[in-house]
Amino acid sequence: SSSPESNKNGMTKHNKLRDLASLRQTVKRLETQGRQRWQTQRGVSTGVKLLDQLLPEGGLARGTLVEWFMGSGTENVGGLGAGAGALALRTACEAARDGGYVIVFDRLRRFFPPAAAAWGLDLKQVVLVRADSVRDELWALEQSLRCEGVAAVWGYWEQLDWRWFRRLQLAAEQGGTLAMLVRPGRASGKPSWADVQWWVKPVASEKQASEKQASKSENNMQG
């Protein structure tokens, strides 16, 4: 037979396990309720059919963060000249196709509106933010992600502290905003709250490769 003391300890342990399970369910509900709000909406196309086919729902879910890593040879561009930046902006265009603003963060002053317009972005839907500091920029980014009138945000961030990353992820879930975060390749592999990560590297076309090979052969003959 068990003593009253052992029964008491057993009940205490049982209550603690029950409370812990309840707490886990509460945390899970709080963490996912923002995302569930946007899951019923159609996914956002990247504007590139081959990329869309790689995504589970054929597009990107609203209310999420997407990292676009710049491959070798493009890391010191940090703007539309890089393939990662251009593809990220094209996705932002798709996100705003049914309305909403695209907030462009350009602290480094490398954003070129005519190039963005050439990619199909309606400049009337663009709000350009040029903050004086990284901290001010991150604060503005968080507020933009929380705003339901914003379809997408786009910008280049070299470094993102994991705490800020988490804050941005929660803000995006709250506002249903799609975040296009262009990052240097060296940021790959670091702690991230992004749902999707793309690595973009320029590849020469067959014509460029043939011309390069022909030039190389000609130089060898001359040598």
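**Group meeting: a walk through the model**

Okay, let's start with contacts: of those in this protein with a separation of 6 or more, 79% are between residues 24 or more positions apart, where contact means heavy atoms within 4.5 Å. Before I go on, this is a predicted model, so to speak about local features I need pLDDT of at least 70, side-chain atom pairs count only at pLDDT 80 or more, and totals for chains, interfaces and linings use all residues. Residues are numbered from 1 along each chain as its sequence is written, and side-chain values use heavy atoms, with hydrogens and water left out.

The overall layout, then. There are seven helices and six strands, and along the sequence they run α-α-β-α-β-α-β-α-β-α-β-β-α. Helices here are DSSP runs of H or I with at least four residues, strands are runs of E with at least two, and both are numbered from the N terminus. Of the 223 residues, 39% are buried. Buried means under 20% relative accessible area, exposed is over 50%, and partly exposed is in between, using a 1.4 Å probe and protein chains only.

Now, helices. Two packed helices are described by the angle between their axes and the distance between the axes. Take α5, residues 134-146, and α6: their axes come within 6 Å and cross at roughly 25 degrees. The axes are lines fitted to C-alpha atoms, for helices over the stretch in contact, and angles run from 0 to 180 degrees between N-to-C directions. So α5 and α6 are roughly parallel; the cut-offs are under 35 degrees for roughly parallel, over 145 for roughly antiparallel, 65 to 115 for roughly perpendicular, and oblique for the rest. Who meets whom? From α5 we have Arg 135, Leu 138, Trp 139, Leu 141, Glu 142, Leu 145 and Arg 146, and they meet Trp 164, Arg 167, Leu 168, Ala 171, Ala 172, Gln 174 and Gly 175 of α6.

Let's stay on α6, residues 162-175, which also holds Glu 173. Is Glu 173 buried or exposed? Buried, at a relative accessible area of 4%. Its side chain makes a polar contact with the side chain of Gln 169, at 2.9 Å. By polar contact I mean a pair of N or O atoms within 3.5 Å; within protein, one must be able to donate a hydrogen and the other to accept it, and residues adjacent in sequence count only if both atoms are side-chain atoms.

Setting aside residues up to four places away in sequence, Phe 165 touches Leu 65, Glu 67, Leu 160, Leu 181, Arg 183, Pro 191, Ser 192, Trp 193 and Ala 194.

Two arginines to look at next. The charged end of Arg 166 sits over the ring of Trp 193, 4.3 Å from its centre, and Arg 167 lies over the face of Trp 164, 4.1 Å from the ring centre. To count, NZ of Lys or CZ of Arg has to be within 6 Å of the ring centre and within 35 degrees of the ring normal.

On to ring pairs. There are four aromatic pairs in the structure. In one of them, Phe 105 and Trp 157 have ring centres 5.7 Å apart and planes at 50 degrees, so this pair is tilted. The rule is that rings of Phe, Tyr and Trp (its six-membered ring) pair if their centres lie within 6.5 Å, with planes under 30 degrees apart stacked, over 60 edge-to-face, and the rest tilted. This pair links distant parts of the chain: Phe 105 is in strand β2 (101-105), while Trp 157, 52 residues away, is in the loop between β4 (150-156) and α6. Phe 105 is buried at 3%, and Trp 157 is buried at 2%.

A polar atom of its side chain lies 3.1 Å from the backbone nitrogen of Phe 111. Leu 108 is in the loop as well, but counts as partly exposed at 39%. And Arg 109, also in this loop, has a positive phi of about 55 degrees although it is not a glycine.

Last stop, Gly 71, in the loop between β1 (65-70) and α3 (83-95). Gly 71 is buried at 0%, and leaving aside neighbours within four places in sequence, it is in contact with Trp 199, Val 200 and Lys 201.
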